[in-house]
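I opened this entry to note what I looked up, item by item. The structure comes first, and my notes follow.

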Amino acid sequence: MTTLAPSPAPPAARSRTGAPKDPRWARPALWAILVLATALYAWNLSSVTGNTFYDAAVYSGTKSWKAFFFGALDSGSFITVDKPPFALWVMGLSARVFGYGTWQLTLPMVAVGTGSVALLYRMVKRDFGAVAGTIAALALTLTPITVAITRDTNPDPVLVFLMLLGAAALMKAVRTGRLMPLVWSGVAIGFAFNTKMMQAYVVLPAFFLVHLWAAKGSLGRRVRNLAVGTVALVVSSAWWMVVVDIVPASSRPYIGGSTDNTVWDLVIGYNGFGRIFGASSSVGSQGNGASFGGEAGLYRLFNSIMGGQISWLIPFALIALVGGLVLRGRAPRTDARRAALMLWGGWFVLHYLTFALAEGTFHPYYVTAMAPGIAALAGIGGVTLHQAFQEGSAAKWSWVLPAAIAVSTVWAVVLLQRVSGSGTLYTVAEVVAGVAGAVAVIGLLLGRFTTRQRLTGIAALAAVVALLAGPAAYSASAAGSSTNGTNPTAGPSTGGGMGEGMGSGRRPSGSMGRPQTGRTGGGMGGTEVSSAMITYLKQNQDGATWLVAVATDQTASSIILESGRPVISMGGWSGSDDAMTLAKLKSLVKSGKLHYIVVSDSGQGSSNSEISTWVKKNGTAVSAYSGLYRLDASDVG
């Protein structure tokens, strides 16, 4: 009699129960983590302000496909934001389909944030099992700065998701030795480049090393495949830059953040060497050296500003990386587990060194890019060190896991002590972390030397609680935050709020949140633009393309969002871009495309000083509003 093999479960059933070899709890645990991630990222989004710099660009992109393609700040396409536009495209398409508003812009961020958790789970689980994948997914979900930035409209969540897609394709290429997965990896990182430029390339040394070392096939084949993958990477990275730079400057916006109105300069300067070397760099446009995360140095990510955002699991991840590589030391060259350790270890170390030592502009939320590496090492290390601990193949491994937990618990308590006066939530987290950590260490040692496996299992669960209690408290705080803006962070303020609230501009009435009253940022030399002035400008725009010209992106973006009209930013983000020249201003005025400009006594840069002098000499001051001048074609000689 022939016995028929059981038919495979339908896809819907597998989505609930997982693969047949998975533990029964694995898929429900994953769904619970994904629900938790979605809740943290999406809770009370109506109260989120977002980054008005990018919000204004998205809004402008919904009004003009030209502004959409170039990533222009204004729908008149005078100047671009200082980043490539892929994340703006993602948010812009959502806004075009569903309408412009808070949830329409943040919906893609929530989706890619939750998708990153699912993708990391799948990658870690494939090589190290469901327990490791679950721990990694939970650790990424509860990374405080990841929660804060995913509730914002900065491009970083999109960057992380694309980098993870690239990593997943890379590992498939390593396991199979096939070319096409490596090509798709290059494409994914190329799109990440078109999200935040050079930051996407931080992981590339690890990608190249892992493939050259661990991929199947001869060395010649590995080199050849890597060369083809690199071509895919270059094409995917450069296509937008090449298209933009070959368009005549007169037919496109000025490239914000550049010194010569090219994307290439933006790549190697402001978003490249300027970020690493700061204002002292002599290459391209400069980062202005402003650090919102403390002084550069190896300790930066542990300081009072950054520690609570990202550093909770760094001690454990470092010990896990070293221990895992030692344990896999004699594995074959193509060993998938060692390749995974090399990937996530390289991801972690490269990001750590980049962010810790960068002397240019540095925001705390940048480090969300290193969170997948830390989370993966936490999951992998927890399982790998626990297995070595139980097997006891060498006496030293009896102490590594308890020591890693003890060090990480002590660091968690130190971080929570720093904010001990900030509320009951952090006091409870401190107590839970300390008690659970002690239970974990003592339980592991007792279980090991008394051979009580049940006690070891309880201790392992206590270790997870100890290491994630602090991040959970910070993440809950971030989820309940009423506003984020330009410099979102999680948890209590620790004196690192430089730049917070800079993105608190207003929205077009009825679009994102309720219209506000008061002032709308600073103009040239500190001149502010009031709501009353904006009302006056709208009533007297007289068919001009742009409502007004102001000095900086911050001011322009706030006016765009309140008025719904195009506004010129003459000097880019910091007011130092040479986007506006006197000749260009005269041309705009003479053609009737611009009638109003805000100036003050203190121009920024030679061109702005020249513009201020000319406007005051030839324009008509609007007496009701300080710094506002009217210009007509007759004023241009």
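I looked up Asp 22 and found it buried, because its relative accessible area is 13%; buried means under 20%, exposed over 50% and partly exposed in between, with a 1.4 Å probe and protein chains only. The model is predicted: local features need pLDDT of at least 70, side-chain atom pairs count only at pLDDT 80 or more, and totals for chains, interfaces and linings use all residues. Residues are numbered from 1 along each chain as its sequence is written, and side-chain values use heavy atoms, with hydrogens and water left out.

Next I checked the partner of Asp 22. Its side chain meets that of Lys 125 in a salt bridge, 3.3 Å from N to O (a side-chain nitrogen of Lys or Arg within 4 Å of a carboxyl oxygen of Asp or Glu). Asp 22 lies in the loop between helix 1 (11-17) and helix 2 (26-42) and Lys 125 in helix 6, so the pair ties together parts 103 residues apart in sequence. I took helices as DSSP runs of H or I with at least four residues and strands as runs of E with at least two, numbered from the N terminus. Lys 125 counts as buried at 18% relative accessibility.

I then went through other salt bridges; the count by this rule is 6. In one of them, Lys 196 pairs with Asp 156, with the closest N and O atoms 3.0 Å apart. This pair links distant parts of the chain, Lys 196 in helix 10 (residues 180-196) and Asp 156 in helix 9 (residues 156-176), 40 residues apart. Both Lys 196 and Asp 156 are buried.

For Asp 335 and Arg 328 I noted a salt bridge with the closest N and O atoms 2.8 Å apart. Is Arg 328 buried or partly exposed? Arg 328 counts as partly exposed, at 24% relative accessibility, while Asp 335 is buried at 13%.

I moved on to Glu 430, which is in helix 19 (residues 424-450). Glu 430 is buried, because its relative accessible area is 16%. Leaving out residues up to four places away in sequence, Glu 430 touches Val 413, Leu 416, Gln 417 and Ser 420; contact means heavy atoms within 4.5 Å.

Last, I looked at the whole chain. I counted 24 helices and 7 strands. Of the 637 residues, 58% are buried.
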